[in-house]
Amino acid sequence: MSTPSVQLYSVRDAVAEDLNGAVARLAEIGFTKVEPYGFAERPAEIAAALSAAGVTAPSGHAAVIDSDDAEQIFAAAEQIGLETVIDPFIPSDRWQTADDAARIAERVNELTAQAASHGLRFGYHNHQWEFTNEVDGRPIYHSFVEQLSPEVVLELDTFWATVGGQDTPSLLRQLGDRVQFLHIKDGKVSGDIATALPSSESALVVPDALKAAFENQTPAGQGDVDVRAILEAAPHALRVVEFDAYSGDVFAGIAESFAWLQENDTTQLDGTDGVTA
């Protein structure tokens, strides 16, 4: 059975203090894969930390869609040994119309071709507003996906899709192999978590109500998300544990998610990285 990955943003405070130590602690939990964020800012340091801990990074997050130097990001990804670069955030105010969906899809398609010249794949990671914002009576996410080239990779954040009102297992079956990565998180999916939005400038700038709602996130299997059904719907996809925030010790919460997946993720395809050619 393939072991899950973990998004390093979950332990961002530890990463800021001691990158090598943070990655080593995740390896001690049992992770053999991690998902870096903002990796283009210090690729050599990240590559060294991964090597020292004996882990790999099949995927990584970077704000490529709005970058004026995608080449530098893709070069950094090559340096680290990434296989897939994923843009994690385009704010809600840019997901309002059919033209918005077409514009973002066109940019993603262009970047996918550019990434391929570096031997990389490119994809997009959702939040809830791609599902709550509708065009012609349906979530704008569907219009976006329909305009993507087949080579584009999707990373479905299963928590945010659920917060956005989706039957996430059904959505995964609809999207099929396009989804190569699953963000696995759990917690309360109603209230401020569904209505409070981050800044339109950065996902890292959030109002107090959203910060407080993040604290209601839980290890996998302990919240409102039907994680087991989600896993069953996408046995091919690499699981990536993530917390936006956690009220307890985040390494302990990550360890609980890891243990839950090891015990309950019986549908994960044997021998897969979660990535198909």
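1. In which sense do strand β1 (residues 5–6) and β11 pair, and over how many bridges? They pair in the parallel sense, over 2 bridges. Within that pairing, V6 has V241 of β11 as its bridge partner.

2. A word on confidence before going further. This is a predicted model, with a chain average pLDDT of 95 and 96% of the residues scoring at least 70. The stretch to treat with care is residues 271–277, where the pLDDT is below 50, although this stretch has 16 contacts in the model beyond near neighbours in sequence. Where pLDDT is low, the predicted coordinates should not be read in detail.

3. Now the sheet as a whole. It is open and built from 7 strands in the order β1-β11-β8-β7-β4-β3-β2, with parallel pairing. β1 and β2 (59–61) stand at the edges with a single partner strand each, so one side of each has no neighbour in the sheet.

4. Back to β11 (residues 238–241), which is covered on both faces. L238 and V240 are buried on one side, and R239 and V241 are buried on the other. In a regular strand the side chains alternate between the two faces of the sheet. β11 is also joined to strand β8 (residues 179–184) by 4 bridges, again running parallel, and F181 stands opposite L238 there.

5. Elsewhere in the sheet, β3 and β4 run parallel and are joined by 4 bridges. V85 has F122 in β4 as its bridge partner.

6. Which residues of helix α4 (residues 70–80) are buried? They are A70, I73, F74, A76, A77 and I80. Seen down the axis of α4, these fall within an arc of 155°, so they line one face of the helix. An α-helix has 3.6 residues a turn, so residues three or four places apart point the same way. The cover over the buried residues of α4 includes α3 (43–53), β3 (84–87), α5 (98–116) and β4. Just after α4, G81 adopts a positive phi of about 95°.

7. Finally, please have a look at N126, in the loop between β4 (121–125) and α6 (129–132). Is N126 buried or exposed? N126 counts as buried because its relative accessibility is 0%, against a cut-off of under 20%. A polar atom of the N126 side chain lies 2.8 Å from the backbone nitrogen of D157. Leaving aside residues up to four places away in sequence, N126 touches F131, Y141, E155, L156, D157, W160 and A161.

Notes: Residues numbered from 1 in each chain as written. Predicted model: local features only at pLDDT ≥ 70, side-chain atom pairs only at ≥ 80, totals over all residues. Heavy atoms only, no water. Buried < 20%, exposed > 50% of the residue type's maximum accessible area, 1.4 Å probe, protein only. Polar contact = N/O pair within 3.5 Å; in protein donor to acceptor, adjacent residues only side chain to side chain. Contact = heavy atoms within 4.5 Å. pLDDT = per-residue confidence, 0-100. Pairing = 2+ DSSP bridges. Arc of directions from axis to C-beta.
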